[in-house]
Amino acid sequence: MRVIACENAHQLGDVASELILDLFVQNPEAACCLPTGSTPIPVYQALVEKIRTSDIKLNELKFFNLDEYVGLGVHHNQSYAYFLFEHLFSQINVDSSQITLLNGLAADLDVECTRYNQLIDAIGNFDFVMDGIGVNGHIAFNEPAEFFIPRTHISAIAPSTIEANKRFFAQDETVPDQALTIGLEDIMKAKRFVLIATGANKKAVIERFFNEPEITTQFPMSFLRMHPNFTMILDKEACGSRYDYFRNHVGEIK
Ligand code: GLP
């Protein structure tokens with residue numbers, strides 16, 4: 001695993017976007033699975049800016065989303081599809097045929113999960129997956145649980161996640177309690193996984209990851225320890241007391 005410690009969220013946006021841009025150059029046909037939330041916003045801002053000032057070709061890239069709220073469609077401003085269009089797809093030159101999204105309004109959610117799995121199978125494994133981290137260690141919407149469902153599935157959103165995500169919704173709106181999410185199998189098979197975390201409210205979960213060596217479904221993030229190509233990009237606040245250590249150990253960290 002590699003840890004890149006940044007001074008702040010702005011620098012994290014710069015570093016993470018550079019990494020994505022590099023991937024686009026190395027592999028113009030890359031299949032990327034992308035996150036939502038507050039953490040990736042500076043990443044997309046920087047990425048859009050860099051794409052605009054480069055002559056990079058985007059027309060063969062493929063984009064997927066990690067997860068989606070059940071009951072919210074692409075036109076709902078809290079859906080993850082809406083978010084990705086707002087912050088990325090509408091800002092860069094990509095065609096809708098390059099974008100595959102989970103449909104939170106599907107009439108049959110099991111059929112929707114199967115459809116998504118088949119589309120992932122059609123591209124092989126993801127070349128690149130990026131995600132933020134839940135305060136309880138959830139990855140995408142793989143919440144702490146007795147067991148994991150390996151592929152795309154319907155997930156019950158943990159009460160603490162509903163609480164954490166309330167801030168995005170209007171006061172009279174209810175945060176959905178179910179989501180569709182890709183599973184840990186597709187995350188672990190991704191050729192590269194990048195986790196981004198910023199702010200003091202992520203310090204505890206990052207500390208837990210380094211303090212608790214056990215791999216357990218009760219702490220989904222712990223599985224990333226086994227990922228063969230895992231990079232964490234953290235800002236100073238999320239690093240907590242390990243900031244100086246990470247700054248001085250830019251190579252592999254065990
Ligand atoms: C949601 C998403 C996760 C994301 C998390 C962090 O719950 N399902 O994929 O990692 O939010 O969000 P934020 O970046 O806003 O802290």
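Let's start with the shell of residues around the ligand: 5 of them are nonpolar, 7 are polar and 4 are charged. Keep in mind that this is a predicted model. The shell has 16 residues, and those that come nearest to the ligand are Ser 38, Thr 39, Asp 67, Asp 131 and Lys 202. As for where the ligand sits, the space it takes is the largest pocket.

| Residue | Part of the residue | Distance to a ligand oxygen atom |
|---|---|---|
| Thr 39 | N or O atom in the side chain | 2.5 Å |
| Arg 167 | polar side-chain atom | 2.9 Å |
| Gly 132 | polar backbone atom | 3.4 Å |

So how much of the ligand's accessible area does the protein cover? On its own, the ligand has 390 Å² of accessible area, and the protein covers 96% of that.

Next up, the aromatic rings. The structure holds 16 aromatic pairs. To describe such a pair, you give the distance of the centres and the angle of the planes. Take Tyr 69 and Tyr 80, for example: their centres are 4.8 Å apart and there are 50° between the planes, making this a tilted pair. The two residues are 11 residues apart, and their pairing links distant parts of the chain. Tyr 69 belongs to strand 4, which covers residues 67-69, while Tyr 80 is in helix 3, made up of residues 80-87.

Note on methods:
Residues numbered from 1 in each chain as written. Predicted model: local features only at pLDDT ≥ 70, side-chain atom pairs only at ≥ 80, totals over all residues. Heavy atoms only, no water. Near = heavy atom within 4 Å. Polar contact = N/O pair within 3.5 Å; in protein donor to acceptor, adjacent residues only side chain to side chain. Areas by Shrake-Rupley, 256 points an atom, 1.4 Å probe, with all protein chains shown as cover. 1 Å grid on protein atoms, 1.4 Å probe; cavity = no way out; pocket = protein on both sides within 12 Å on 5 of 7 lines; lining within 4 Å. Sits in = over half its atoms within 2 Å of the grid points. Nonpolar A, V, L, I, M, F, W, Y, C, P; charged D, E, K, R; others polar. Phe/Tyr/Trp six-rings, centres within 6.5 Å; stacked < 30°, edge-to-face > 60°. Helix = DSSP H or I, 4+ residues; strand = E, 2+ residues; numbered from the N terminus.
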